[in-house]
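Please keep the structure in view while reading.

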Amino acid sequence: MSKRSRNDSTDLSVLLGIDKAIHEPARLMIIAYLSVVESADFIFLMTQIGLTQGNLSFHLSKLEEFGYVVIKKQFIGKRPHTMLSITDKGRQNLKEYLKTMKNLIDSLVES
Amino acid sequence: MKLNFKALEKRAYRSFFKDGIYDVFLGLILLSFGLPLILNEFSLLDYVTITMPLLVPIIILAVALLFMIFGKKYITTPRLGTVHFGKSRKRKMMHVKLLLVISVLIGVITFFLSLFKVFPVGGATGIPIPFLIFGIQALLVFSFMAYFMDFTRLYLYALLFAVSLPLTFWLKKNTSLPYPSLLVFSFTAGPILIIGCIVFIRFLTRFPLKKELGVANEQAK
């Protein structure tokens, strides 16, 4: 981005740089929670975020597709158990997303 | 947009105090200290032998411990799920463990010193030195634990633990109240147990165990 376009208040191309995978509110909540813990299971996220099972499953699959979240299947005793954790890429992109959003909001000028 | 990650982590960690299990556990522990004294006031416990005054707290402590272990495993975890917290939280928990070890050591040393009658008995206040040490130690240890664990109710419990035994002996020495132990422990262990039960019942109604939750963890994707 040139110096001129950076200072141009009518240049909205910065909006295109927003990470759409994280921008969705449910996914932002998921990734925010996973960024503050080492790992968590499905029930923990469901109770903390308040999403339905189907909704959470859908968004987790999306985040896994983007490589932001790792879904690990393990066994506790004889029962299968799913643990979720954020990847380095996810953590980095969350940081960048927050920075972009902050800059964007800070640069907003009320008409 | 306000997204405070530190507060989010704290909120996630504190959600595990919503079950009231620690409250009931602490309430039972305090009750285990007071029950032998209360039973003695009603002449239901013979202090001639050491067995019964020791047996009563041990039974209550065992019940409290079993309630906490099985409660967390079979009541809390299926409802709130499992989470492993990050390095900063693990460091805080190490501080809590260290505090508990120091606390137990002080307790054991005080107990043995009192067996050898190192401490003067009562004094002007009527409060035996070991119980005074217990009070100060409970206040400090529980307050620091409350700080490291972000468990706000524990500050109140620290105070209630701290006053329980010293106040009982002070009332015995300086007043003519009929049942000082019953009175003191009703106002110390009682509130902790009541708060614990209310929080526990509220938790059970707020987070009913749904069959699909168990399946959810298995079919997370």
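This is a predicted model: local features need pLDDT of at least 70, side-chain atom pairs count only at pLDDT 80 or more; totals for chains, interfaces and linings use all residues.

Are A:F44 and B:F16 buried or exposed? Both A:F44 and B:F16 are buried.

**Aromatic rings**

Over all chains, a search of the whole structure finds 19 aromatic pairs. One of them is formed by A:F44 and B:F16, whose ring centres are 6.1 Å apart and whose planes meet at 5 degrees; the pair is therefore stacked, since planes under 30 degrees apart count as stacked. A:F44 belongs to helix α4 (residues 42-49) of chain A, while B:F16 lies in the loop between α1 (5-14) and α2 of chain B, so this pair joins two chains.

The rings of B:Y13 and B:F17 have their planes at 85 degrees, so that pair is edge-to-face, the term for planes over 60 degrees apart. Both B:Y13 and B:F17 are buried. The two pairs are set out below.

| Ring pair | Distance between centres | Angle between planes | Arrangement |
|---|---|---|---|
| A:F44 and B:F16 | 6.1 Å | 5 degrees | stacked |
| B:Y13 and B:F17 | 5.6 Å | 85 degrees | edge-to-face |

B:Y13 and B:F17 also belong to a cluster linked by ring pairs, together with B:Y22, B:F85, B:F151 and B:Y157. The charged end of B:R89 sits over the ring of B:Y13, at 4.0 Å from its centre. B:K72 lies over the face of B:Y22, 4.4 Å from the ring centre.

**Helix α6 of chain B**

B:Y157, named in the ring cluster, is also one of the buried residues of α6(B). How far apart are the end C-alpha atoms of this helix? They are 31 Å apart; because 22 residues (153-174) at 1.5 Å a residue should span 32 Å, the two values agree.

B:D150 is found in the loop between α5 and α6 of chain B. Its phi is near 55 degrees, a positive value in a residue other than glycine. Is B:D150 buried or exposed? With a relative accessible area of 11%, B:D150 is buried, because buried means under 20%.

Note on methods. Residues are numbered from 1 along each chain as its sequence is written. Chains are lettered from A and ligands numbered from 1 in the order in which they are written. Side-chain values use heavy atoms; hydrogens and water are left out. Helices (H or I, at least four residues) and strands (E, at least two) are DSSP runs, numbered from the N terminus. The expected span of a helix is 1.5 Å times one less than its number of residues. Buried means under 20% relative accessible area, exposed over 50%, partly exposed in between (1.4 Å probe, protein chains only). Rings of Phe, Tyr and Trp (its six-membered ring) pair if their centres lie within 6.5 Å; planes under 30 degrees apart count as stacked, over 60 as edge-to-face and the rest as tilted. A charge sits over a ring if NZ of Lys or CZ of Arg is within 6 Å of the ring centre and within 35 degrees of the ring normal.
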